[in-house]
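Welcome! Please keep the model open while you read.

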Amino acid sequence: MEIVVATAVAVVSNTASGVFPGAWRPYLWVSWPLLGGLTLILIVTAARTGGNREPSGGHAGRPDLVSTGRDVYLVDQTVVLASGRRSIRPRQLPSAPAHFAARTAELAALDALLERGGDGRPVVISAIDGAAGVGKTALAVRWSHGVAARFPDGQLYIDLRGFDPDYPPMDADQAIPVLLDALTEPGTGLPEDPHARAGLYRSLVAERRMLILLDNASHPSQVRPLLPGGGRSLVLVTSRNQMGGLVVRDGAHRLTVPLLGPDEARHLLVARLGTERVAAQSATVDRIVTICGGLPLALAIVAARTEMEGSLERVADELSDQRNRLDGLATHDDPHSDLRAVLSWSYRCLSQPAAHMFRLLGTHPGPEVSMFAAASIAGLPLDQTIAALTELIHTHLLSEPAGRRYVLHDVVRAFAAEQVRGECSDSEQSAATARMIDHYVWTAHAGARLLDPSRDPVLTGPPTVGVHPQPLAGPQQATQWFTIEHQVLTRVVDYAYQATLDNRTWQLVWGMLTFLDRRGYWDEFVAVQQIAVRATQRLDDVVPQARAHRLLSIGYERLGQLEQERAHLRIADDLYRQADDRTGQAHVQQQLSVIADRDGHHADSVAYARHALELYEAIGDQRGKALVLNLIGWGLSHLGEHQQAIDHCRQALDLHRAVDNPDGMAETWDTLGFAYHRLGHHTAATQAYGHAQHLFHDIGDRYLEATTLTRIGDVQQDAAPTAQAAAQIAGATWRHALEILTDLRHPEADQLQTKITALEAAADKTP
């Protein structure tokens, strides 16, 4: 005990004087653990009475004795605490993952960041961030093992429990004692004051080269007190959140872990199941890769189930059921390996508005949702919608691949759908679904009217409260919207039909048809219109049924299925007559005119068009009147009455301009070009066709643009002085048309190719 007391006295006296005799060191290591808190009090007292406490560097004449802060000394570069605990070199990294996806790009990015260090500050990679189950910790641990040798002073690891099933997040005051325990030998206690512990932690890691892995953080406030104040350490932080605060204030480097690509996903399955098995069941593996959507945890669960149950095909079949998909991705005995549980930890951390938004997004069929659609689903104002969506992006429950367009991973959507079924009443779900569908119905309706103002509106009054149709400023924006939402709209049609929202089903399809027709998506035109027909058959109103059959007949005409076209047009005519709908009857007569013309019955075509003209005049429909005046002109020109045809077309042009119908103007200019060509007026024909071609191009009607280009080539062929000139000039125009028809996969492409071949052959034969 005398040695102990003498040691304490020496510590006090020499701490106060700034001298620590080397002769006392053997006794120090023996006695210090026995002194415990007494020695701590004595040293603190000495410090308060004026002892030398240089913040860094050695004491005068004693380079082996360095004061590093309160109660911490470096003796020959060994950290000695006043409590008698000595610093050790921790090796805390968890074991490296047994099966690791080939994260080549991400590993290379971490290597590059490591090389950028060395400026006296720790390098912080905050976003090793990403979605739940994407493999953030696996990546961090795998890379850390690979570079551990470059951190000779040790590696620290701590799970901050930012998203944990059983415990709340660990704050810095809780984390620092855990890290201090790892940094020091077992012994008596640490400072009780949290600030003193934080200072002690920073002192212990200062000037050392350590790798510190802070796993599963939820907020920068958990992480910031754990960052070294200087030195050459490297800190890795993994989080489901984006940790923007660390990027802004602490210079962190973000590295977001993406979903695996198809090849990487297969590589992971090969690592678990073996090359031969994956190759032997290639089609099933492709299904699994698609269903799991590049999520490593989902792929790992599938592989584990296959190893245990023996049948990859059975697992794939279970996962194909969207409603019960998460059951197939459950492990039951380990929440950390159960995708439903893992997602639930992120979900329960959301604010109430974000959780509300997340649940209701489970009613959307995907694959993308716009800001306006999300606002409609949730029934929220746009500013609140943006705030909720931003929080979901921050937590990686939602991604934003393009501006104001959002994506839920299929597995996450399945989880959201479970939450909406479990937490929302039937009426709340139905209301959200109705608002979502109304968003698309109203926006598509406005877009269709912008693309073709001649179409009769089918919606009246304002949208339902809470619905946000997307504003469209003109035909170009309408075309862009339809192009972006094309895949979504197809899903929503089926979704609305399955929900027995029959009026909204046929109204949504009505809004899509002009876009589908102009793009040449005629198979899809027929497919969605068939759904519209079935929806209207569940209604009592015969007018929507008649309209649906008439529009379906147009789709069949585009596909060349003429018997189907006539059958549905007859049904439409009967239903319109039953309803005494003269507008509908006029549309039927107009379409019968087109059919007669196609069959070469031009006199009948003119007769049908004149009947339609009478009906349109009786109801005062100027757009309809202009359209059939053009049809009459077309038929008259085929009958050799070219001047009469031109007169009718001039009347039609005036009406189209009056009602601002560019579609009608384009078709009428095309008819004028045909009449002028038949009269031998090649310049006038070329000019008229040119007007038509530019209008068709501007409104995006690719098929009719190709048709007009073909006719321009006909004029150029007739006007060319030689066969070689015809092949050069007309051939170039026809090839332009051929590119469009080929892209549309239209059967007329073969006919045009035959014309081009014949033209070139004629040029070759002519001297």
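## A cut-off to start with

A residue counts as buried when its relative accessible area is under 20%, and as exposed when that area is over 50%. Keep in mind that this is a predicted model.

## The chain as a whole

The protein chain contains 35 helices and 12 strands. Of its 767 residues, 54% are buried. The accessible surface amounts to about 32,900 Å², and carbon and sulfur atoms own 52% of that surface.

Setting aside neighbours within four places in sequence, Gln507 touches Val441, Val458 and Leu459.

Now turn to Glu192, in the loop that joins α6 (172-183) and α7 (194-205). Is Glu192 buried or exposed? Its relative accessibility is 74%, so Glu192 counts as exposed. Glu192 is 15 residues from Pro177 in sequence, and the C-alpha atoms of Glu192 and Pro177 are 10.0 Å apart in space.

## Helices α31 and α32

Helix α31 covers residues 662-678 and helix α32 covers residues 682-699; their axes come within 8 Å and cross at roughly 155°. An angle over 145 degrees counts as roughly antiparallel, and α31 and α32 are therefore roughly antiparallel to each other. Their crossing is left-handed.

Which residues of α31 and α32 meet? On the α31 side they include Met665, Trp669, Leu672, Phe674 and Tyr676, and on the α32 side they include Ala688, Tyr689, Leu695, Phe696 and Ile699. Charged residues take part too, among them Asp663, Glu667 and Asp670 of α31. By class, the contact of α31 with α32 has 15 nonpolar, 4 polar and 3 charged residues.

## Helices α33 and α35

Helix α33 (residues 702-719) packs with helix α35 (residues 748-765) at an angle of about 20°, and the axes are 12 Å apart. Angles under 35 degrees count as roughly parallel, and α33 and α35 are therefore roughly parallel to each other. The crossing of α33 and α35 is left-handed.

From α33, the contact draws on Tyr703, Thr710, Asp714 and Gln717, while α35 brings Glu748, Leu752, Lys755 and Leu759. Sorted by class, this contact of α33 with α35 holds 3 nonpolar, 2 polar and 3 charged residues.

## Helices α10 and α12

The last pair is made of helix α10 (residues 262-273) and helix α12 (residues 282-292), whose axes come within 10 Å and cross at roughly 115°. What is the handedness of the crossing of α10 and α12? This crossing is right-handed.

Pro262, Ala265, Arg266 and Leu269 of α10 make the contact with Ser282, Val285, Asp286, Ile288 and Val289 of α12. In terms of class, the contact of α10 with α12 has 6 nonpolar, 1 polar and 2 charged residues.

How values were computed. Residues are numbered from 1 along each chain as its sequence is written. This is a predicted model: local features need pLDDT of at least 70, side-chain atom pairs count only at pLDDT 80 or more; totals for chains, interfaces and linings use all residues. Side-chain values use heavy atoms; hydrogens and water are left out. Axes are lines fitted to C-alpha atoms, for helices over the stretch in contact, and angles run from 0 to 180 degrees between N-to-C directions. Helices (H or I, at least four residues) and strands (E, at least two) are DSSP runs, numbered from the N terminus. Angles under 35 degrees count as roughly parallel, over 145 as roughly antiparallel, 65 to 115 as roughly perpendicular and the rest as oblique. A crossing is left-handed if the near helix is turned anticlockwise from the far one by less than a right angle, and right-handed if clockwise. Contact means heavy atoms within 4.5 Å. Buried means under 20% relative accessible area, exposed over 50%, partly exposed in between (1.4 Å probe, protein chains only). Accessible areas come from the Shrake-Rupley method with a 1.4 Å probe; for residues, only the protein chains shown count as cover.
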